Amino acid sequence: MKSLDAKKSTNKTAAQPAAPAEKIDFSKVKIEPLFEEMVDFDTFSKSDFRAVKVKECEAVPKSKKLLKFVLDDGTGTDRVILSGIHDHYEPEELVGKTCIAIVNLPPRKMMGIDSCGMLISAVYENDGEEGLNLLMVDDRIPAGAKLY
């Protein structure tokens, strides 16, 4: 057993440098224009955005686009949200991710399944094709953390 005063050994292997970030050419990207209509703060503050952890994700049978997410929203009860992002993601790559959802929308039935909220994605056009990125955040953010 080492004493608390003992020096910590240094790692003798050099840390591998991080891979260079992929260069993205945004010159062919088109985004939707910003809304001109303003929303008052009271209306905005009624939206409940939360961090959610993806517990399960699977393709919805008979649907080409829908994925069914089972989410931990911090309440102790699983939340199911359907999202039409299967063109952009495979279900297995999303399990364990931390995403952002709006959780106080009324349930909406899709393909016979109640979707209780909406996952937040960034949508754009890139060189004539739709691009979509599900908003994923640091996994150290706990399920249920409120966004302001």
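Contact means heavy atoms within 4.5 Å. The legends below describe a predicted model, in which local features need pLDDT of at least 70 and side-chain atom pairs count only at pLDDT 80 or more, while totals for chains, interfaces and linings use all residues. Residues are numbered from 1 along each chain as its sequence is written, and side-chain values use heavy atoms, with hydrogens and water left out.

**View 1. Phenylalanine 69 and the largest nonpolar core.** A nonpolar core is a set of buried Ala, Val, Leu, Ile, Met, Phe, Trp, Tyr and Cys residues joined through side-chain atoms within 4.5 Å. Buried means under 20% relative accessible area, exposed over 50% and partly exposed in between (1.4 Å probe, protein chains only). The largest such core has 16 residues, and Phe69, Leu71, Ile85, Leu94, Leu119 and Leu134 touch the most other members. Two or more residues each come from strands S2 (49–59), S3 (67–72), S5 (98–102) and S10 (129–134). Strands (E, at least two residues) are DSSP runs, numbered from the N terminus. Apart from residues up to four places away in sequence, Phe69 touches Val54, Glu56, Cys57, Arg79, Val80, Ile81, Ser83, Ile85, Leu94 and Leu119. In soluble globular proteins, nonpolar side chains tend to be buried together.

View 2. Two strands pair if DSSP finds at least two bridges between them. Strand S9 (residues 121–126) pairs with strand S1 (residues 29–30) in the antiparallel sense over two bridges, with asparagine 126 as the bridge partner of valine 29. The pairing of S9 with S10 is also antiparallel and has six bridges; here tyrosine 124 has glycine 131 as its bridge partner. Two residues lie between the strands of the S9 and S10 hairpin, where aspartate 127 takes a positive phi near 55°.

**View 3. Serine 115 in strand S7.** Serine 115 belongs to strand S7 (residues 113–115) and counts as buried because its relative accessibility is 3%. A polar atom of the serine 115 side chain lies 2.9 Å from the backbone nitrogen of leucine 82. Leaving aside neighbours within four places in sequence, serine 115 is in contact with residues including Val80, Ile81, Pro106 and Met110.

**View 4. Lysine 146 after strand S11.** Lysine 146 lies in the segment after strand S11 (136–137), and counts as partly exposed because its relative accessibility is 31%. Not counting residues up to four places away in sequence, lysine 146 touches Ser47, Asp48, Phe49 and Arg50.

Conventions. Helix = DSSP H or I, 4+ residues; strand = E, 2+ residues; numbered from the N terminus. Polar contact = N/O pair within 3.5 Å; in protein donor to acceptor, adjacent residues only side chain to side chain.
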